[in-house]
Amino acid sequence: MPLRSIDPATGHLHATLEPATAEGLEQALATASRAAGPWGSQPLATRVALLRALAEGLRAERTRLARLITDEMGKLIAEAEAEIDKCALVCDYYAEHAATQLADIPLASDANRSLLVHQPLGVVLAVMPWNFPFWQVFRCAAPALAAGNVVLLKHASNVPRCALAIADLFTAADAPEGVFQTLLIDAETAEQVVADPRVRAVSLTGSERAGRRVAGIAGANLKKSLLELGGADACVILEDADLERAAEIGARSRFINAGQSCIAAKRFIVVETVADDFVARLQSRVEALVPGDPRDPDTTLAPLAREDLRETLHQQVEQSRAAGAELRCGGRPLPGPGWFYAPTLLDRVGPGMPAYDDELFGPVATVIRVADETEALRVANDTRFGLGGSVWSADAARGERLARAMACGAVFVNGLVKSDPRLPFGGIKDSGYGRELGAPGIAEFLNLKTLWIG
């Protein structure tokens with residue numbers, strides 16, 4: 001089935017692209033397999049030189065690439081430009097730190113000399129989502145390539161032009177043949193690639209369903225997998241929090257990328273004594289958002305990336321309202337072209353509602369009222385997800401204590417939950433396993449080999 005590139009703000013069809021043929025896919029796999037050994041044997045200086053060239057290319061093409069992101073998945077143009085900048089930063093980070101991260105580690109043993117060495121696995125398949133169409137790819141590819149692996153990209157079907165543009169960046173950076181390739185394939189074909197013996201590891205960022213499927217195939221074929229799946233991040237507002245700052249950052253966290261972020265503040269868990277005050281501050285910011293053309297710098301809320309995503313989100317909102325959630329504002333698809341949804345705030349959310357139990361991937365903030373810190377922690381952990389979270393308190397020690405008790409991969413105290421090339425990123429429970437970024441991110445796709453020399 002052809003891949004379609006559609007403008008989410010207008011519904012305009014930009015392009016239709018044909019998927020790879022069976023012969024083309026086999027050629028790509030064979031090319032990657034041939035490239036893996038020579039690339040892994042290249043001096044580290046050669047590998048990081050490619051990362052530096054990629055960073056240079058990203059910065060040189062920043063305006064064009066950002067516009068492509070906006071045209072294809074609807075992101076605000078300023079956010080798209082920041083995404084390209086971040087991709088360049090992750091290339092810079094591993095170019096600078098890979099030598100230390102990949103250095104041999106001496107070990108104590110009964111040998112004359114023993115050590116841990118880092119060696120690449122070979123071909124890594126990256127199955128990536130549409131919501132950050134460049135960042136998610138470079139977050140995986142930069143450490144994998146620095147470590148000596150080669151990468152095959154299976155991108156989301158609604159961002160095929162972004163996928164091809166990423167491959168073009170590697171060509172412009174003079175990457176050796178086969179070191180990075182984009183595969184225009186569907187999910188069923190991607191499962192065949194996961195099972196292919198020439199592929200030694202897979203990294204997937206996406207839905208729970210896709211993660212379970214890919215992990216099962218990888219496990220059956222005894223190969224490494226890394227999963228970054230959904231999230232329902234808690235944003236805990238204690239009674240001593242700076243409510244103005246918490247509302248400001250909380251609104252930004254929830255509505256960035258039109259709410260289509262795994263680490264958005266999806267559940268505001270607020271102590272009852274300050275709940276009315278906080279909700280009023282949050283609501284004023286939600287109502288101030290301006291939906292519109294994401295290419296217009298005055299627009300502050302982008303469309304959803306696909307029509308089906310808007311339909312699903314609205315069903316979740318309606319079901320939550322029917323179960324007792326209080327609609328403070330929004331709660332409806334917006335008329336006109338494109339897939340816009342009114343910025344929405346649901347208050348008095350509780351168990352049994354989609355807004356409490358599931359991930360809402362769009363511009364909908366939910367408020368859960370609790371009696372005190374103890375109940376706040378219980379509710380924060382009362383989820384099948386475990387990606388990120390935040391705590392707001394005037395007492396940093398108190399915030400840290402609560403953060404340590406939250407069951408997730410990262411907690412930010414009095415700050416915006418974000419990914420950073422220097423900080424490990426990933427989740428637990430149904431949010432997946434493994435870590436990207438930082439030193440753990442480069443170690444995920446390595447053979448940690450012990451050498452014992454008598």
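The count comes to 3 cavities of 30 Å³ or more, where a cavity is a set of points, on a 1 Å grid over the protein atoms alone, at which a 1.4 Å probe fits but cannot get out. This is a predicted model, in which local features need pLDDT of at least 70 and side-chain atom pairs count only at pLDDT 80 or more, while totals for chains, interfaces and linings use all residues. Residues are numbered from 1 along each chain as its sequence is written, and side-chain values use heavy atoms, with hydrogens and water left out.

**Largest cavity**
- The largest cavity holds about 80 Å³ of space, a volume being the space filled by probe spheres set on grid points that are joined across faces, edges and corners.
- Its lining consists of 15 residues, of which R267, A380, F385, G388 and C408 are the closest to the centre; lining residues have an atom within 4 Å of a point.
- By class, this lining has 8 nonpolar, 5 polar and 2 charged residues, with Ala, Val, Leu, Ile, Met, Phe, Trp, Tyr, Cys and Pro counted as nonpolar, Asp, Glu, Lys and Arg as charged, and the others, Gly among them, as polar.

- The largest pocket has a volume of about 1600 Å³, a pocket being an open set of points with protein on both sides within 12 Å along at least five of seven lines.
- Of the 45 residues lining the largest pocket, W130, A156, S207, A210 and R306 are the closest to its centre, and the lining divides into 23 nonpolar, 10 polar and 12 charged residues.
- The second largest pocket has a volume of about 650 Å³, and among its 30 lining residues K86, F132, I256, K418 and S419 lie nearest the centre.
- At least two residues of the lining of the second largest pocket come from each of α4 (77–101), α5 (135–146) and α9 (243–255), and the largest share, 8 residues, is from α4; helices (H or I, at least four residues) and strands (E, at least two) are DSSP runs numbered from the N terminus.

**Helix pair α5 and α6**
- V137, F138 and L145 in α5 meet I166, L169 and F170 in α6, contact meaning heavy atoms within 4.5 Å.
- By class, this contact of α5 with α6 has 6 nonpolar, no polar and no charged residues.

**Annotated region**
- The UniProt annotation "domain: Aldehyde dehydrogenase", from an unreviewed entry, covers residues 4–450; such annotations may be inferred rather than shown by experiment.
- Over residues 4–450 the chain is 43% helix and 19% strand, with the end C-alpha atoms 48 Å apart.
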